[in-house]
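Welcome! Take a look at the model first, then read on.

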Amino acid sequence: MPYRIAASPCRRQFQQLNSTTLKPETEQTTRCKLLPSAMTWNKPPAGVTVTVAGDANDADHARLRELGYKQELKRHLSVLSNFSISFSIISVLTGVTTLYNTGLAFGGPATMTLGWFVAGAFTMAVGLSMAEICSAFPTSGGLYYWSARLSGHRWAPFASWITGWFNIVGQWAGIASIDFSLAQLIQVIILLSTGGNNGGGYMASKYVVIAIHAGILLSQAIMNSLSITWLAFIGQFAAAWNMLVPVAATERASAKFVFSHFNTDNSAGIHSNLYIFVLGLLMSQYTLTGYDSSAHLTEETKKADWNGPIGIISAIGISLIVGWGYILGITFAVKDVPYLLSTDNNAGGYAIAEVFYLAFKSRYGNGVGGIICLGIVAVAIYFCGMSSVTSNSRMTYAFSRDGAMPFSSVWHKVNKQEVPINAVWLSAFISLCMALPSLGSLVAFQAMASVSTTALCIAYALPTFFRITLARKCFVPGPFNLGRYGVLVGWIAVLWVATITVLFSLPVAYPVTKNTLNYTPVAVGGLFTLVLTSWIISARHWFNGPVRNLGA
């Protein structure tokens, strides 16, 4: 049956372009007349018979059918398990440890301790907006599905396409970055364990580092091949592990130093305090990503329309508290910023490793305790990477289920344990490939890794942008919603992402050369060009957005 498309954007809510997959509703209960796929909250589409018993899983299955999908994954996760996986992906031990050098160099203690809450407050706005949309559309597709449902008939396929690819590539780059940083930390642990940089310690070559990286990914793929029941237990253990904040120092910096010392002594040739502060925020913003995993796991979460959103905002909120504690614990042990950043120290310039090493050496006469603390951090980073593979595999499963990826029929298959096994191994393989440029140049790898933060933030903002513009009067909220503040919070989130996208694309050193160029705009611009070109040349002819599979 053909559909009549009204002129107003709020009357052009997303519908599937394949007319054989959707049937019209007989009535509407919202203020504006929505098209067939823009289903009201409690009402299944015509032609879909749903039986809802007292079991919460039945209600979840029914809601998923309303959204156009049958239940294929095992729905086992509680709100704690959903939160745990997101929390372990945010992993403050991972983000802060990886980019602590950046925070020290650009602004130092003041930027890290106070800037953490600047980035955190705006990140919470982004998370709240995402949580509200997640409650309305609890599917593994998450962001790209939301964009399709909120952007209107005309833009739905393109909005879904660009959001999905920014999300999935950002996740791949994130896994590559996380596990490569773990390989580098293991390199430093080996260095300190064998005598340190100044004591003839062993510095692993770049080939050894990439081999370690490959081994990490291999083990994470094997772990992710287990049933979601096991992954839920591992996720809860990982969350508890990430709350460990190991620090021990005999000499501590003053509170004045920790909260007010602003380091302008950098080798980047940047002297503007505001510019330095903005660059220092990268540590916080890089850390506070990955909470979209709660959305990607909603098809495996009980009471998904409530527990998925709670997983998002609780992961952000608790990460802010634990992260600040970790930053304070480390920064109170900082005495000499230039020395910590110097490549001549025992850790070869790895600031946090040197802090741990010196803290225990000053108290106990050796740095063994510091090396053990680094081991605790390394385990946290490992869990972060493992949970990231979990999240990305579910995104890959959903995106391929809707036919958006090459060989889609392969990647959305699930095994007997109801795990998207092929998607798991694809995630690990692509993340390994993304780290290979490090063999030629770390600058090339950093360009690849820089896609992660910016691409993910853009993907987070796109569905929110559509929700507060095209779907402003048509959005039907789920159980978790922001009420009349939804639009305001949404605009704050979108403007913050737009701001940091520009700021993090600015040069990070002067004069600008091929070795100091900030490759973020190049990498993100390249990604956008590839996605747009593929759309114009090919995808616009066959990709219609999310596809219902109830009859599959």
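A residue is called buried under 20% relative accessible area, exposed over 50% and partly exposed in between, using a 1.4 Å probe and protein chains only. This is a predicted model, in which local features need pLDDT of at least 70 and side-chain atom pairs count only at pLDDT 80 or more, while totals for chains, interfaces and linings use all residues. Residues are numbered from 1 along each chain as its sequence is written, and side-chain values use heavy atoms, leaving out hydrogens and water.

**Salt bridges**

- The structure holds four salt bridges, each being a side-chain nitrogen of Lys or Arg within 4 Å of a carboxyl oxygen of Asp or Glu.
- Arg401 and Glu299 form one of them, at 2.9 Å from N to O. This pair connects distant parts of the chain, 102 residues apart: Arg401 sits in helix α16, and Glu299 in the loop between α12 (293-296) and α13 (304-331). Both Arg401 and Glu299 are buried.
- Helices here are DSSP runs (H or I, at least four residues), numbered from the N terminus.
- Glu132 and Arg467 also meet in a salt bridge, 3.1 Å from N to O. Here too distant parts of the chain are linked, with Glu132 in helix α4 (residues 109-136) and Arg467 in helix α19, 335 residues apart.
- Glu132 counts as buried because its relative accessibility is 2%, and Arg467 is buried at 7%.
- Arg63 and Glu66 make a salt bridge at 2.6 Å, N to O. Both belong to helix α1 (residues 56-66), three residues apart, which is about one turn of the helix.
- Arg63 is buried at 8% relative accessibility, and Glu66 is buried with a relative accessible area of 8%.

**Cavities**

- A search of the whole structure finds three cavities of 30 Å³ or more. A cavity is a set of points on a 1 Å grid, over the protein atoms alone, where a 1.4 Å probe fits but cannot get out; lining residues have an atom within 4 Å of a point.
- The largest cavity has a volume of about 230 Å³, where volume means the space filled by probe spheres set on the points, with grid points joined across faces, edges and corners.
- Its lining has 21 residues, and Ile89, Ile178, Thr289, Gly290 and Ser388 lie nearest the centre of the largest cavity.
- Which helix gives the most to the lining of the largest cavity? Helix α6 does, with four residues.

Terms used
1 Å grid on protein atoms, 1.4 Å probe; cavity = no way out; pocket = protein on both sides within 12 Å on 5 of 7 lines; lining within 4 Å. Helix = DSSP H or I, 4+ residues; strand = E, 2+ residues; numbered from the N terminus.
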